[in-house]
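Thanks for passing this one along for a second pair of eyes.

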Amino acid sequence: MDIGALVNITSKAWAMPILSCLHSGIAGRQAPLLAATGAGRTAFAQSMDHLIEIGLIERNPGYGHPLRPEFRLTQPGIAAAAIAHKIHGVSKKEDQPLLRRSWTLPVLTSLHTPSQFSGIKRTLPAITDRALSQSLKSMEARNWVCRSVDSAARPPRSIYCAVNTGGRISRLIAPEISFNL
């Protein structure tokens, strides 16, 4: 998967939790997925529509029997769901609100090696300075990102690196992502 696809998937808050649930074997019907994710109906519907639109899940054409899944993963969706499930496996319940934010996972993925603000921005060209700054601050407050200042450089530069849970997530998904833009 390329970094642009990851950005697209994470643009809806419940997309990754839905993919993780489908990968873990939760029935592809609305009620079990709603219960497993804890999403609200409107946000859930928007995320499902988004996942269908980008081709990661599809409506089951054979749906009609009460026990047959209503939704199923497509071939590209299986790979994305495996990544989502890995992320879910290393994170805690209290981490979920931060993981549902649009830029958290793409920024963590770009921090597979320590980077400057401008380096992260080059990796994620669609991100605004404000969104990147807020994302880094929220992850720094959670101890997922460590900011250090290289005072030997002129002018001094901030270096960001993923640590703790953020580091585990970054190391886990970075090998799965292509950064070719």
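The points below go from the whole chain to single residues.

1. Please keep in mind throughout that this is a predicted model. The protein chain contains 10 helices and five strands. Its C-alpha atoms fill a box of roughly 65 × 30 × 25 Å along the principal axes. The radius of gyration is 17 Å, which agrees with the value near 16 Å that a compact globule of 181 residues would have.

2. Of the contacts with a separation of 6 or more, 58% join residues 24 or more positions apart.

3. Now to the interior. In soluble globular proteins, nonpolar side chains tend to be buried together. Here the largest nonpolar core has 47 residues, and Met 16, Leu 19 and Val 107 are those with the most contacts inside it. Helix H2 gives the most to this core, with six residues. Which residues does Val 107 contact, leaving aside its neighbours within four places in sequence? They are Ile 120, Leu 124, Ile 127, Leu 132, Ser 135, Leu 136 and Met 139.

4. Ser 20 deserves a look while you are at H2, the helix of residues 15-23 in which it sits. With a relative accessible area of 4%, Ser 20 is under the 20% cut-off and therefore buried. Beyond its neighbours within four places in sequence, Ser 20 is in contact with Ala 81, Ala 84, His 85 and His 88.

5. Helix H10 spans residues 164-173, and its buried residues are Thr 165, Gly 166, Gly 167, Ile 169, Ser 170 and Ile 173. What covers these buried residues? The cover includes helix H5 (75-90), helix H6 (96-99), helix H7 (104-110) and strand S5 (157-162). As a reminder for reading such a pattern, an α-helix has 3.6 residues a turn, so residues three or four places apart point the same way.

6. The C-alpha atoms of Arg 171 and Leu 108 are 9.0 Å apart in space, although the two residues are 63 apart in sequence.

7. Asn 164 lies in helix H10 and has a phi near 50°, a positive value in a residue other than glycine. Asn 143 is in the loop between helix H9 (129-141) and strand S4 (145-150), and its phi, near 65°, is likewise positive in a residue other than glycine. Relative accessibility is 47% for Asn 164, which counts as partly exposed. Asn 143, at 48%, also counts as partly exposed.

8. Next, a pair of cysteines. Cys 146 lies in strand S4, while Cys 161 is found in strand S5. Not counting residues up to four places away in sequence, Cys 146 touches Ile 159, Tyr 160, Cys 161 and Val 163. With the same exclusion, Cys 161 touches Pro 114, Trp 144, Val 145 and Cys 146. Cys 146 counts as partly exposed at 36% relative accessibility, and Cys 161 counts as partly exposed at 23%.

9. Some C-alpha distances go with those strands. Cys 146 and Ile 159 are 13 residues apart in sequence and 8.1 Å apart in space. Cys 161 and Ile 3 are 158 residues apart in sequence, with 18 Å between their C-alpha atoms.

10. Last, the loop between strand S1 (57-59) and strand S2 (71-73), where Pro 61 is found. Pro 61 is exposed, with a relative accessible area of 67%. Its C-alpha atom is separated by 32 Å from that of Ser 178, a residue 117 positions away along the chain.

Key. Residues are numbered from 1 along each chain as its sequence is written. This is a predicted model: local features need pLDDT of at least 70, side-chain atom pairs count only at pLDDT 80 or more; totals for chains, interfaces and linings use all residues. Side-chain values use heavy atoms; hydrogens and water are left out. Buried means under 20% relative accessible area, exposed over 50%, partly exposed in between (1.4 Å probe, protein chains only). Helices (H or I, at least four residues) and strands (E, at least two) are DSSP runs, numbered from the N terminus. Contact means heavy atoms within 4.5 Å. The radius of gyration is taken over C-alpha atoms; the globule rule is 2.2 Å times the number of residues to the power 0.38. A nonpolar core is a set of buried Ala, Val, Leu, Ile, Met, Phe, Trp, Tyr and Cys residues joined through side-chain atoms within 4.5 Å.
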